[in-house]
Amino acid sequence: MKKKLKIGTLTALIGLVVLIWGANYTITKTVADKIYTSVTEIPKNNVGLVLGTSKKLTNGNPNLYYSYRISATLALYNAKKINFVLVSGDNGSKYYNEPETFKKDLIAGGIPAEKIFLDYAGFRTLDSMVRAKEIFGLTDVTIISQKFHNERAIYLAKKKGLNAIGFNAKDVSGRNGLKVQLREYLARVKVFIDLLLQTEPKFYGNRIEIK
């Protein structure tokens, strides 16, 4: 009995590893030609979609993922590689508002307020991609986040009929970076589960034109 249990556990673990590897490989390979790190090389799009995250970590320290996404967005705008910015993030309560926080720092960085649009219902990357197309009417977009996040977002965008490229913000190293990278492997498996189940965004809403 114990031997059968050990074999079953080992088989399950091997299956999980294969599933995680397959999801990661498929996403990375599929979007490899859609990822850019150079401001001069990336094609121009009308709208840059920056994916939200918190400005501070739970311990109160600055969140470098946030800071680097701000810097990347400013770099694209200043290089005239985007004309507008769409910030998509979590606004789950009146005390937590990723899009508004991003907007304040982007304005402080020199982007005019009228050039910034906010998606308050970007609770998940899937929601952000679908809403960019269905609510904000985008057919083409430049996604701004770290490479691992861009890859997953572009893959989802493609599956949802949105033509996307990604501009990589600087990545984060160290323990915090490792934790995020480990979570990303599971998030990539979730991509395929969501696509299989045809998961929809939490909210839709009225159409908003970016111009």
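Because the model is predicted, local features need pLDDT of at least 70 and side-chain atom pairs count only at pLDDT 80 or more, while totals for chains, interfaces and linings use all residues. Residues are numbered from 1 along each chain as its sequence is written, and side-chain values use heavy atoms, with hydrogens and water left out.

**The sheet**

Let's start with the strands. Helices (H or I, at least four residues) and strands (E, at least two) are DSSP runs, numbered from the N terminus. Two strands pair if DSSP finds at least two bridges between them. Six strands form an open sheet with parallel pairing, in the order S1-S6-S5-S2-S3-S4. Its edge strands are S1 (35-36) and S4, each of which pairs on one side only.

| Strand | Partner strand | Bridges |
|---|---|---|
| S5 (residues 140-146) | S6 (residues 163-169) | Seven, parallel |
| S2 (residues 47-51) | S5 | Three, parallel |
| S2 | S3 | Five, parallel |
| S3 (residues 84-88) | S4 | Four, parallel |

Asp-140 stands opposite Asn-163 in S6, and Gly-48 stands opposite Thr-142 in S5. Leu-49 has Leu-86 in S3 as its bridge partner, and Ser-88 has Asp-119 in S4.

How covered are the strands? Buried means under 20% relative accessible area and exposed over 50%, with partly exposed in between (1.4 Å probe, protein chains only). Six of the seven residues of S5 are buried, so this strand is mostly covered.

The expected span of a helix is 1.5 Å times one less than its number of residues. The 13 residues of H5 should span 18 Å, which agrees with the 18 Å between its end C-alpha atoms.

At the start of H2, a side-chain oxygen of Asn-63 comes to within 3.1 Å of the backbone nitrogen of Tyr-65. Tyr-65 is also one of the buried residues of H2, which include Tyr-66, Tyr-68, Arg-69 and Tyr-77 as well.

H5 is largely enclosed by the rest of the structure, because 10 of its 13 residues are buried. Among them are Phe-148, His-149, Glu-151, Arg-152 and Tyr-155. Just after H5, Gly-161 takes a positive phi of about 85°.

**The largest pocket**

On a 1 Å grid over the protein atoms alone, a pocket is an open set of points where a 1.4 Å probe fits, with protein on both sides within 12 Å along at least five of seven lines; lining residues have an atom within 4 Å of a point. Grid points are joined across faces, edges and corners, and a volume is the space filled by probe spheres set on the points.

The largest pocket has a volume of about 1,000 Å³. Of its 40 lining residues, the closest to its centre are Gly-52, Thr-53, Arg-69, Val-180 and Arg-183. H2, H4 (125-134), H5 (147-159) and H6 (174-197) are the elements that give two or more residues to the lining. H6 gives the most, with 10 residues.

The lining divides into 14 nonpolar, 14 polar and 12 charged residues. Here Ala, Val, Leu, Ile, Met, Phe, Trp, Tyr, Cys and Pro count as nonpolar, Asp, Glu, Lys and Arg as charged, and the others, Gly among them, as polar.

**Residues outside the helices and strands**

Most residues other than glycine have a negative phi. Lys-80 has a positive phi of about 60° although it is not a glycine. Lys-80 sits in the loop between H2 and S3 and counts as exposed, at 60% relative accessibility. Gln-198, not a glycine either, has a positive phi of about 55°. Gln-198 is found in the segment after H6 and is exposed, with a relative accessible area of 62%.

Glu-114 lies in the loop between H3 (98-108) and S4. With a relative accessible area of 56%, Glu-114 is exposed. Glu-114 and Val-189 are 75 residues apart in sequence and 38 Å apart in space, C-alpha to C-alpha.

Conventions. Polar contact = N/O pair within 3.5 Å; in protein donor to acceptor, adjacent residues only side chain to side chain.
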